[in-house]
Amino acid sequence: MPLSRSLSMTSLSGLLPAWEEDELPVEDLLLFEVAWEVTNKVGGIYTVIQTKAKITVDEWGDNYYMMGPYFEHNFKTQVEGCEPPNPAIRKAMDALIHNGCQVHFGRWLIEGSPYVILFDIGSAAWNLDRWKGDLWQTCNIGLPFHDREANDSLILGSLIAWFFKELTDQLGDKPNVVSHFHEWQAGPGLILCRSRKIPMATVFTTHATLLGRYLCAGNADFYNNLDKFNIDKEAGERQIYHRYCLERAAVHCAHVFTTVSQITAVEANHMLHRMPDVVTPNGLNVKKFSAMHEFQNLHSTSKIRIQEFVRGHFYGHLDFNLEKTLFFFIAGRYEFSNKGADIFLESLSRLNYLLRVHRNDVTVVVFFIMPAKTNNFNVESLKGQAVRKQLWDTAHTVKEKFGKKLYDALLKGQIPDMNNILDRDDFTIMKRAIFATQRHSLPPVTTHNMLDDSTDPILSNVRRIGLFNSRNDRVKIIFHPEFLSSTSPLLPMDYEDFVRGCNLGVFPSYYEPWGYTPGECTVMGIPSVTTNLSGFGCFMEEHVSDPAAYGIYIVDRRFRSAEESCNQLTQFMFSFCQQSRRQRIIQRNRTERLSDLLDWRYLGRFYIHARHLALNRAFPDKFKMDPIAPLKTEGFRYPRPYSVPPSPSASVHSTPHHSDVEDDDDDEPYDEDEEAERDRLNIKSPFVLGAVPEGKTKLPGESGN
C-alpha cells in the first residue's frame, strides 16, 4: 500500500540530481527478477520487490517478468492468470511442462501489475537427487537431506536455469536477457546459469549476509571483529555451511554484485569476500496528497485515537495531561538485541530520571510493537477499555439530559438554576461511574498474557529498570506483543495510522541492513531515531547535511561504546521532550520533506546503473560503459535547513499549520515555503561516500569510496 505525503511547496524534488546516464534499449532486452518472495510474503524482501514493481514496469513495460515459487493459495488470491505476451516465453514454459514440471504465468495484482512466472517446486521434487548431483559436480556444494529450505531453493534454481536455457535457445542473440537474483534462496539458479554458460547478464543482491544475521543474533561483537572471524568455522558451527557456500558462490558468479547499504557492503566484503559493485538502497512508493499540510491533520486524527486507548489503559491512574503526553514507539521482529530494544529500555530508564529531576510536566508513553508468544489479551487491558467506554456512555447520557433542560430553559427566556439542572439520580450515576474507575493495581505493562513471562527479554528488563507505570514515573511502557490490526478489540488501528499518531519512532538497531521502519516514519512526516549501523542511518548521513534538523536522529553505535550510545539516545529523547508543540510541527514539516529522497522514482536509478553495468560486462561489444565514471547519483547532499534547527534552546517558532495550543511568545517570523526555496539553492559540494568522522578509525578492510 503506497504511503502518503503532501504535494506542497516544501518538496525538495529540485534538489535531486538529474539522471544523465544513457538509457538502455529496453525494447531489445528482457528483464527477469528472481526472488523467493515473489507473491510470497515472508520478510522485508517482499516489500522491496512489491514496491519497486511499478517504476520497473513503467520503464520496461511488457519486457519485465518476476520469477519465484508457486504456492496455490498465493496464486489464487494475488495473481490473475493469463497467457505470456512473448511466444519465446510460452515455448520455454511448455518445454518444462511437457517434462512434468508445472509452470504458472499471470499478472501479480499489485501496483504496476507485473508479469510473474511461478514454478511449482512440488511437481519437480522427483528430480532433487539428480539435481543435487549436478550441483556437486558443478561446484562441489552438497546439501543435507534435512534442510528443506535449501533443497527447495535448489529445485527452484534448477527449474529457472532450465527455463533460461530453453528461452535463450529460442531467442538467439536478440533480445538479450538480464536476470536479477535476490538473496541466497535464488542463488542456485544464478550458479547453474553461469556454469552452463547461458548467454545473459546477471545481477545478485544480498539484503543481509546469511552469516551476519546468525552472528549478530548470537550477541557477537560483530563490527569490531569483522576481520577476525573464521568464516568457514562459524558457518559450520551453526550448521549453515552449505547455505553460506550457495550464497558466496552466487556472489562470485554474478556479473554485478549489489547490496542495500554501505554498512552491509563492508559486511559483505568480509563475509563473502567480494566488495559490492553498486549499493542499491531500498525505497517506497510515495503517494502524494493534493492538500498542502494534510499529513499534519492525519497525525492529529490518529493521535486522538491513541489517546483514547491510553485513557482506558491507564484508568484510575490518569493523573497526567494527555495534551502534554508524547507517544514513542519501536516496532519490528522480536530480535531483542539486533533491533536495539536493550539499549532503548536502558535509555528510557535514564529519560525517566531526567524528566523527574527536572520536574518536567511532559509524560512519555512508549509502545513496543513486537510479536511474541501469547495466549490471549490481558483481562486488565480489556477491562480498561470497557471502563473507558462505560464512562463515555455515562457522560453522554448526562450531557443529553443537561442539554435538554438547558434548551428548555433558554426557550422560556430563563437562565437555568445550575443547582437544579441535574437531579439526584444524575449525581448517583456519575458517582458510580467514578467509583468504577478506582484501581488498586498498577496499569499493566503488557496488553497480552505472555507464555514466557518470566524469561521474556523485554519484561525482564522492565523489571530490572523498575518502570512499572507507577504514578511517579514520567515514562510509561506498553508492550503490545502482536502486530497492529484495525479489527483488534483493544487497539483497533492499522500500523500506518498508528505511526502517524505517534510523535517519535525509535529504532536503535545494532544489525539492520536497511530498516524500513524509520523510512516509513520519514515518509509520513514522523521524526525517528536510527543508528549508523543501519542502512537507513548510513544513507541519511550520506545524503543529508544535518539529519537531526530534519527529524532523523542518528545514534553512533559504530564508533562509541554501548554506554556512550545509550547516553546519546537518552539525550536525543530528552531534547525531543523539551520541544514545544510548534517546534515539533516545524520538525514534522521538515521530516516529510525528505520523502522524495526515499521514493523509488529516485532510488530506482541505482538498479538501472547495476543492470547497465551487468550488460556491459556480459556483452561488452553491444553495451559500452565507462567503468571508472562514478554513479551520477553520488556527490550531493540535502543542505542544512536555512532556519535555526528545532532545539529546546533556540528555534524559530512558527508554522503555517495552526495547532490547538500555542506558546504566547512564538511570534518570530518563519515561512516554510521560503525556507524550502532557500534549501533548493544551498546545495553543498559533492560528498565522498564512506567518509569516516574525524578522529575515528575505519573498520578493517573498509574502503573510503
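This is a predicted model: local features need pLDDT of at least 70, side-chain atom pairs count only at pLDDT 80 or more; totals for chains, interfaces and linings use all residues.

Me: Thanks. How many helices and strands does the chain have?

Reply: The secondary structure comprises 22 helices and 19 strands. The chain has 705 residues, and 58% of them are buried.

Me: And what share of the contacts join residues at least 24 apart in sequence?

Reply: Counting contacts between residues at least 6 apart in sequence, 75% join residues at least 24 apart.

Me: Let us turn to the sheets. What is the strand order in the sheet of 9 strands?

Reply: The order is β4-β5-β6-β3-β2-β7-β8-β9-β10. This sheet is open, and its pairing is mixed. At the edges stand β4 (79-81) and β10 (278-279), each of which pairs on one side only.

Me: How do β7 and β8 pair?

Reply: Strands β7 and β8 (residues 201-206) are parallel and are joined by 5 bridges. Within this region, V178 stands opposite A201 in β8. In general, strands of a sheet pair through backbone hydrogen bonds, and they may do so in a parallel or an antiparallel way.

Me: Which strands does α5 touch when it packs on that sheet?

Reply: Helix α5 touches β2 (29-34), β3 (64-69), β6 (115-119) and β7. The direction of α5 makes about 170 degrees with that of β7.

Me: OK, the other sheet. What is the order of its 6 strands?

Reply: The order is β16-β13-β12-β17-β18-β19, in an open sheet with parallel pairing. Strands β16 (475-480) and β19 (552-555) are at the edges with a single partner strand each, so one side of each has no neighbour in the sheet. On average, neighbouring strands of this sheet are turned by 25 degrees against each other, with direction ignored.

Me: How many bridges link β12 to β13, and how many link β12 to β17?

Reply: Strands β12 and β13 pair in the parallel sense over 7 bridges; A331, for example, has I369 in β13 as its bridge partner. Strand β12 (residues 325-331) is also parallel to β17 (residues 504-506), to which 2 bridges join it. In that pairing, F328 has L504 in β17 as its bridge partner.

Me: Which helices pack on this sheet?

Reply: Helix α12 (residues 341-357) is one of them, touching β12, β13 (363-369), β16 and β17. The direction of α12 makes about 170 degrees with that of β13. Helix α19 (residues 562-578) packs on the sheet as well, touching β12, β13, β17, β18 (528-531) and β19. The direction of α19 makes about 160 degrees with that of β19.

Me: Why is β13 described as largely enclosed?

Reply: In β13, 7 of the 7 residues are buried, so the strand is largely enclosed by the rest of the structure. On one side lie T363, V365, F367 and I369, on the other V364, V366 and F368, and all of these are buried. In a regular strand, side chains alternate between the two faces of the sheet.

Me: New topic. Which residues touch the most other members of the largest nonpolar core?

Reply: They are F32, I117, F119, F163, F164, L167 and F222, in a core of 76 residues. Helix α5 (residues 148-171) supplies the largest share, 12 residues. The core draws at least three residues from each of domain 1 (26-279) and domain 2 (321-378 + 444-595).

Me: What does F32 contact beyond its neighbours in sequence?

Reply: Leaving aside neighbours within four places in sequence, the contacts of F32 include Y65, M67, I89, I117, F163, F164 and L167. Apart from this core lies another, of 63 residues, among them V310, F320, F344 and L351.

Me: Now the loops. Is E183 buried or exposed?

Reply: With a relative accessibility of 10%, E183 counts as buried, because the cut-off for that is under 20%. E183 is in the loop between β7 (176-182) and α6 (187-195), and its phi is positive, near 65 degrees, although the residue is not glycine.

Me: And Q239, buried or exposed?

Reply: Q239 is exposed, with a relative accessible area of 62%. Q239 lies in the loop between α8 (231-237) and α9 (241-253) and has a positive phi of about 55 degrees, although it is not a glycine.

Me: Last one: what span should α21 have, and what is found?

Reply: Helix α21 (residues 600-618) has 19 residues, which at 1.5 Å a residue should span 27 Å. Its end C-alpha atoms are 26 Å apart, which agrees. Of the 19 residues of α21, 16 are buried, so the helix is largely enclosed by the rest of the structure.

Key. Residues are numbered from 1 along each chain as its sequence is written. Side-chain values use heavy atoms; hydrogens and water are left out. Helices (H or I, at least four residues) and strands (E, at least two) are DSSP runs, numbered from the N terminus. The expected span of a helix is 1.5 Å times one less than its number of residues. Buried means under 20% relative accessible area, exposed over 50%, partly exposed in between (1.4 Å probe, protein chains only). Two strands pair if DSSP finds at least two bridges between them. Axes are lines fitted to C-alpha atoms, for helices over the stretch in contact, and angles run from 0 to 180 degrees between N-to-C directions. Contact means heavy atoms within 4.5 Å. A nonpolar core is a set of buried Ala, Val, Leu, Ile, Met, Phe, Trp, Tyr and Cys residues joined through side-chain atoms within 4.5 Å. Domain bounds come from an automatic or database domain assignment.
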